[in-house]
Amino acid sequence: MIISSLNKIRIAFVALLVLLSVGFTGCKENEVLEGNANNETSMLPETSSNFTQNPMIDDSGFRVGQSVSDAYVDPSTVNKIPAEQIKAKGYEYDYDSLTYELVWSDEFDYEGELDTSKWGYDLGQSGWGNNELEKYTKTNAVVGDGMLTIHLRKEEDGTVTSSRVATRQKGDWVYGKFEICAKLPSGKGTWPAIWMLPTDYRYGSWPDSGEIDIMEHVGYHQDYVSSSVHTKSYNHKIGTQKTKEIKLEGASEEFHVYCLEWLPDKIITYVDGNKLFEFVPTKYKTEPTKDEWPFDKRHHLLINLAWGGDWGGARGVDESILPQEFQIEYVRVYQSPEINAITGQK
Ligand SMILES: [Ca+2]
């Protein structure tokens with residue numbers, strides 16, 4: 001998932017209008033999201049002195065529902081981190097002998113709504129920083145038959161609805177192995193994603209605190225799945241994001257296991273056990289800093305099915321392919337005692 005610089009400028013303007021119209025009243029997550037369903041995304045500069053009074057901030061400190069990764073950032077927190085601290089170096093471990101223990105999972109072996117002890121929702125029709133067309137609701141995410149199904153459908157009023165779910169503040173990790181078994185939707189305009197965003201944005205707003213895309217697929221490019229990372233130095237805005245795609249026959253016909261292995265000095269993704277993508281920051285810079293490797297702070301998982309948008313809708317959308325489904329058989333998170341021992345993680 002990406003944010004264009006043009007959009008950032010536009011949404012900053014809209015954010016100002018929202019601030020003026022809403023005022024500085026406190027808003028709960030649902031009120032904000034439902035009440036601003038028709039607004040554009042909003043994003044304020046991370047140095048804004050208005051942050052602590054921003055009405056878009058929910059109880060967890062996030063301005064949820066306003067853009068793809070728009071979070072409250074405490075400038076004092078950002079400033080405490082040395083800009084030139086060397087990252088992703090000096091970790092010694094035997095990759096081949098790493099062991100992993102299951103620390104979190106959802107097998108979706110229940111019926112009805114998502115388990116809210118594990119998942120939250122990002123709601124609304126904000127464009128999410130990517131000019132996406134869908135409106136996210138809670139009701140488009142349904143658990144049954146042993147899986148989570150995200151329904152993408154056109155409502156009677158013409159709105160195309162879907163769901164975006166996240167483990168933010170309920171499942172947040174530094175390093176680990178993440179396995180998601182999923183079957184993708186198909187058709188021009190669909191854009192399913194399995195990805196991670198920083199929970200605390202310690203290094204600043206997107207993309208400075210990082211983004212890990214485990215799996216993305218756009219319907220007009222059927223059977224090509226990709227993984228990417230975004231950082232301050234490597235991101236879509238400046239055309240330097242690190243990304244790779246592979247052909248995956250039957251991506252929308254069968255379940256495949258998408259896996260992220262997040263280590264203290266590299267990120268690797270796999271599909272069905274085959275390596276898709278590898279990001280080793282020291283390949284690009286001898287002494288990486290947070291600008292190349294912000295991935296030493298906790299991140300959370302997101303699963304969503306977008307409609308249209310800068311990438312998903314790059315060749316238009318075909319409403320005749322609706323409804324579509326994005327099915328997730330399970331989500332499993334593992335951590336390695338060996339890695340935890342050398343990084344001080346629990
Ligand atoms: Ca299952």
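This is a predicted model: local features need pLDDT of at least 70, side-chain atom pairs count only at pLDDT 80 or more; totals for chains, interfaces and linings use all residues.
User: Why is Lys154 called partly exposed?

Analyst: A residue is buried with 20 or more other C-beta atoms within 10 Å and exposed with 12 or fewer. Lys154 has 14, so it is partly exposed.

User: Where does Lys154 sit in the secondary structure?

Analyst: Lys154 belongs to strand S5, which covers residues 147-154. The protein chain as a whole has five helices and 18 strands.

User: How do you know that S4 and S5 pair?

Analyst: Pairing takes at least two bridges found by DSSP. Strand S4 (residues 141-144) and S5 have four bridges, in the antiparallel sense, so they pair. As for individual partners, Val142 is bridged to Thr149 in S5. Two residues lie between the strands of this hairpin, where Asp145 takes a positive phi near 55°.

User: And what does Ile214 touch?

Analyst: Not counting residues up to four places away in sequence, Ile214 touches Phe178, Ile180, Ile194, Trp195, Ser227, Tyr258, Leu260 and Thr269. Ile214 is also one of three residues, with Ile180 and Ile194, that touch the most other members of the largest nonpolar core, a set of 57 residues.

User: How much of the protein chain is buried?

Analyst: Buried residues make up 49% of its 346 residues.

Note on methods
Residues are numbered from 1 along each chain as its sequence is written. A nonpolar core is a set of buried Ala, Val, Leu, Ile, Met, Phe, Trp, Tyr and Cys residues joined through C-beta atoms within 7 Å. Two residues are in contact if their C-beta atoms, placed from the backbone, lie within 7 Å.
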